[in-house]
Amino acid sequence: MILHRVQVAHWRSILDAVELGPFSEQINVIHAPNGTGKSSIFEAVRRALFDSHQVGGLEIEAVRPWGRALAPRVEVEFSRGQVRYRISKSFLDHPSAQLLRFEDGRFLPLAEGRSADARLREILGAAAAPGRGLSKPEHWGWAQALWAPQGSLRLESLSPSLTENLRAALGAQIEDESGSRLEQLIRERYAAYFAAGGKPKRGRHAPPVAAWQAELPNLEIERQRWLMAQEAYEQASRNVEDARNRRAQAVRESDELRHAAGSAQRQFALWTQIQTELESLRLTEKNSAELHRHLNDSLQRIADARTEVAALEQSIAASEQERAVLSAEQKGLQLTLEHAQQAKQVTETQRAAERLLSAQLHQARDFISETTAAEALRRRTRSIREREEAILSLQRNRSSLVAPSKKQLAEIRRLHSEIALARTALEVSSIRLRVRPDKDAVVRRQGEADPRFLSPGDATEFTGSPSVEIEIEGFGTVRASGPEGEFPRHEAALSSATERLARLTQSFPSPDPEPLQQALDEATEIERNIHEAQERLGELLEGKEASHWDAELAALTASIQQRLARFPEWASNPPSVQTLQTAYDELRRQTDQAVQSADVALEQARNACAAVEQRAGTMEATLVETRRSLESARRRLAQWTQDGKSDLLRQNESNEALLAWNVARTLTQKAQQQLDAIPGDPANALEKLQRQLTALDDSAARARDEENTAIGRLHTHTTEGPYSKLAACEERIAALKERIARETLQMDAVRLLHDTVAEIKAAAIAAVAAPVEKAAGRMIARIAGPKLGSIALTENFAPCGIHPAASSQRVGLDNFSGGEQEQLFLVCRLALAEVLARQERQLVVLDDVLNATDTGRLARVLALLEDAAEHLQIVILTCHPERYRALNGAEFFELKPK
Amino acid sequence: MKFLHTSDWQMGMKATAAGSHAGRVRQERLAAAQRVIGLAQRENVSFILLAGDTFEDNAVDRVLVRQTAEILQSFPGPVFLLPGNHDPLVPGSVWEHPVWTEFANLTVCREAQALELDACILHPCPLTSKYSSQDPTKWIRRSPGEKIALGLAHGTVEGVPAAEPDYPIPRDAAAQRDLDYLAIGHWHSYSAYPDAAGAIRMAYPGTHETTKFGERDSGNVLLVEIDGPRAVPRLHSARTGGLHWPTIERTLAHPGDLPALLAEVRNLPDPGQTLLRIRLDGVLHADDRSALTQLQEVLDARFLHGSLDSAAIPQPGDDSWIAGLPLGPCRNAAIALRDRAAHTPDPASKAVHAQALMILFELHEKAEP
């Protein structure tokens, strides 16, 4: 379609008729300021071409100029398929429509009224009009893709008819009408089973298989119930069988046990009989054995007693002989003892002489010691006297010497220094007045009573402070003065020091420090000598008084005198300790030898006597005991033989008893063997068997009870006939499963058919959309470069995303900037327009678009539009004509404001 | 001496293969039992031997037990019933039902003990458990005398393919036990075991009424005649079954195969007494597709029970109907489904693909003006 001219009147803000055209078949720019009515003209064209002239409602009422009773009018001239048409429509008041066709150089009426509306839609390939309502983009036919109203550049979706046109234009025949019908039937069949999401339908629209499948679990539950009943029946049957087996077994065991109990009873009777016999035989055996032992013992005792009596009599005779021998021996030993005692007394005399010599030896040794000690004491006492006298002499010398202490001497020396300093300071601070007269002169110092008489040339000095005033007779008074203050202080210091020195040295012969130092040195030397003498005296005294040593000496002297009184010869001839020691040692040796020999002899004699006495005592006691035993043995023998039986008779009796014992023992052994042949304890075995029998009877009774119980239960199950119920249930399940399988096969087949058709159709559509995607991708690459990649379209050719060059993931359009989005939608519209323009040039209307596109990209868009204008008529409505001035060959139409 | 040998009545058995007609199948077993009695009366047999598995399970409904006993008691002569492995002589078994003591002509063989009858001595071998690896006939010792020696046992004759020996019976058991005839049960199809001389002294009569699809020769009883001791028995198999359980398995190969099958099915006799199972494979030609639908309809409408299991797919080379599909996704989908169906090794997947093509075909027919 090509637009040639438009005339609009009474349309929104357009009151007077506005005519635009003739338009270029390539690019046209209609420009005007905002509010002038650019979009109203575009709207009027759409209403003229696609709306019924009889439309009503608020939307068309809004078109009427506000506050005016004017009927909106529009007239459009266009070409379609090389045929030129003119449509004139008037809306609202007296609505009308007239379609004219250019024929023979003029427009001739083609249709009017509704016919004009219908014919026009037919010419334009638009969908049926929506009755009296305004048309929507889906009713615009190709214009849906080619015309972009203000603010609606975005391409959401295209109507099916346009989509079909696009597909047809692209040469891809996906399906014809009959194909669509068949496909519709497939969809209907699919929809009978499945919901839109592909899941089987539920609820009241669900296919019958859903109800069958819902029934199946209930049947399965019922089947399980009967299966369990069947198992319970079989188990009950086994329980009865088991109980019967147990009861039969118990009866069998009971019978066997009763048989065993009878045998045990008989065994027990035999055992009891033998046991009684055995006890009797054992008693007989015991009595026989005891009698035999008794007789045998009597014989033995009598024989033993006789032997014992004879032996005891022999022993007594031998002891009496031995006693006589011991008596003689005892007398000889007594003599030997007496001799030894005498020899022992002799050695006692020798021991007394030895003790005497020993005492003399001790006395001599003490005498010599005391004499030596007395001499040493005498020397010590003499030295003590000498030392004491020397110390006394030194102490007297020290007492006579007056000397200061070291501290005092130091103080004296300090005071001397202090005085010297005071004098020097006093001298320095005094006024000196020196007078040397040329002639005699009498000089009187003030304050002095006596004058001084000076000879010519003699110099006399007067000192004083703070002034010195002299009166020279005949001359007058001379007064010298100096500064005040220092002199009296120095004078006072000197006086103080002099006074303290005088006080300190008043007890010494001289205040001079040097003599005092000398006296101090002498005193120190004497004191040191006294100290040394005292130390030597202390060494001699050893911490004791001198009187102690005197007393010691006196005691020793007294002791020596006593010893001399006993041994007077020692006064002239002191004893020799060595000589005395030698004599004593010899005497002692001899005495020890004699004593030892005597002691040995005496001990031997005593021991021999004691041994003989002991032997004699022992023998006597033994003899007494033996006699007593002999008496006892004789009494016993008399007792055991008092019955008067002979030994032969006794032996016969013993032999008879032995024979009876052997017989009884043999019989007992036989009975025991019979008893041993009976195993275990028959009584115990019998008791156990009886208990087991009772237990088995109980067990059989229990088994019978269990059997009866089991039979009762089995009867309950049997009455139910579970197998028949199970069979009927399983048959219902099988029938249901067969129906489900058939229906499932049907559903699976329908789904497979539907999905296969859809899959193939999707692939065909994808193949059809590819050229449009390719063209749009090429255009956007010209505008924005290759980074945006390719554009993805839906099966209805609406852009749905971008495949960026740098990513394998598709990116939604909302992720791009406003400028890029409007560029993407623009290229999609242009690409679709190129497809639709393959048969004839098509009109593209862009109402106030590309407002977000920057200048750089706008230039590329303009170049793109120039290229597109080779196949398309492009009408741009804008309030910024300068943005499109660069378009080559573009026609500009200005809509001037009223 | 003439008697009737039957076995494996399996009263109360489940018939899951019969779908919703399982009850009818069970009922038919009772009817077949009445036919057995009728036959016995007509043939004037001396007695009936029922060689085990009279009931499917010991836990069948007790009403059924009574119904069975009532049918049996209607026979004027003795009937000897042997507990089999399905109804062994255990506590709570069907044989404890009081009905077995109510009728004098019914004898449940409870002991492995010879029973002396007028003209013969019967050696029954009742089973007391469901499974055993013991030969139930090994106790049999022919009693001295001039009477015919019969055995009555239930088990698997050695050599019959079985997972494990279940009451094994030697193939020459009759000779081993010195029996004139050993009446056995357990297998549901008629089988006879001739001895070295060609005389048949042991046989399975098969169940009196077919129990399931695939049974070779069931629905019969045996009429046995023995002239005297050591005489060769004469066996005659007589039909007593009321239902037919045919299975038709076809591989479709050529156009017209399916219509021919349809005609064949239509001509099957006694469809009201027939449970028919049809298994199809191969390829389905375009012109035959409507026959498939008709076949299913015939099965549902005429037969007691019909089961159609079709794994047939439209013929790969037959593009006639696909070419008739509208150009576009539907036609391409048909081609894809046909190719996948032809190449998928999974039978279930193949069936789904085939069914999808069938649906497409059906919808295409519907869509055509």
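Predicted model: local features only at pLDDT ≥ 70, side-chain atom pairs only at ≥ 80, totals over all residues.
Student: Which residues of helix 3 of chain A are buried?

Tutor: They are Ala116(A), Asp117(A), Leu120(A), Arg121(A) and Ile123(A), where buried requires 20 or more other C-beta atoms within 10 Å of the residue's own.

Student: How do you know on which side of helix 3 of chain A they lie?

Tutor: The arc that they cover around the axis is only 160°, and therefore they are on the same side of helix 3 of chain A. These buried residues pack against helix 1 (38–50), and also against strand 4 (73–80), strand 5 (83–90), strand 6 (96–103) and strand 7 (106–112) of chain A. After helix 3 of chain A comes Gly125(A), with a positive phi near 70°.

Student: Why is Asp8(B) called buried?

Tutor: Asp8(B) has 28 other C-beta atoms within 10 Å, and the cut-off for a buried residue is 20 or more, so Asp8(B) counts as buried. Its place is the loop between strand 1 (2–6) and helix 1 (22–42) of chain B, and the phi of Asp8(B) is near 55°, a positive value in a residue other than glycine.

Student: What makes Asp270(B) count as exposed?

Tutor: Inside 10 Å, Asp270(B) has 11 C-beta neighbours, and a residue with 12 or fewer is exposed, so Asp270(B) falls in that class. Asp270(B), too, has a positive phi, of about 50°, although it is not a glycine, and it sits in the loop between helix 5 (257–266) and strand 16 (275–284) of chain B.

Student: What makes strand 4 and strand 14 of chain B edge strands?

Tutor: They belong to an open sheet of six strands in the order 4-3-2-1-13-14 (chain B), with mixed pairing. In that sheet, strand 4 (106–108) and strand 14 (234–239) of chain B each pair on one side only, and they are the edge strands. Neighbouring strands of this sheet are turned against each other by 20° on average, with direction ignored.

Student: Why do strand 11 and strand 14 of chain A stand at the edges?

Tutor: Here the open sheet has four strands in the order 11-10-13-14 (chain A), and the pairing is antiparallel. Strand 11 (452–454) and strand 14 (476–481) of chain A each have a single partner strand, so one side of each is left without a neighbour in the sheet. The twist from one strand to the next averages 30°. Within this sheet, strand 10 (residues 441–445) of chain A is joined to strand 11 by three bridges and runs antiparallel to it, with Val443(A) standing opposite Arg452(A) in strand 11.

Student: Where in chain A are cis peptide bonds found, and what is omega there?

Tutor: One joins Gly21(A) and Pro22(A), with omega about -5°, and Pro22(A) is in the loop between strand 2 (18–20) and strand 3 (27–31) of chain A. Another joins Ser465(A) and Pro466(A), again with omega about -5°, and Pro466(A) lies in the loop between strand 12 (460–464) and strand 13 (467–472) of chain A.

Student: How many residues of chain B are in contact with chain A?

Tutor: There are 38 residues of chain B in contact with 46 residues of chain A, where contact requires C-beta atoms within 7 Å. On the chain B side, helix 2 (62–73), helix 8 (329–343) and helix 9 (347–367) each supply at least two residues, and helix 9 of chain B gives the most, with eleven residues. The residues on this side of chain B divide into 22 nonpolar, ten polar and six charged.

Technical notes:
Residues numbered from 1 in each chain as written. Chains lettered and ligands numbered in written order. Arc of directions from axis to C-beta. Contact = placed C-beta atoms within 7 Å. Pairing = 2+ DSSP bridges. Axes fitted to C-alpha atoms, helices over the stretch in contact; angles between N-to-C directions. Nonpolar A, V, L, I, M, F, W, Y, C, P; charged D, E, K, R; others polar.
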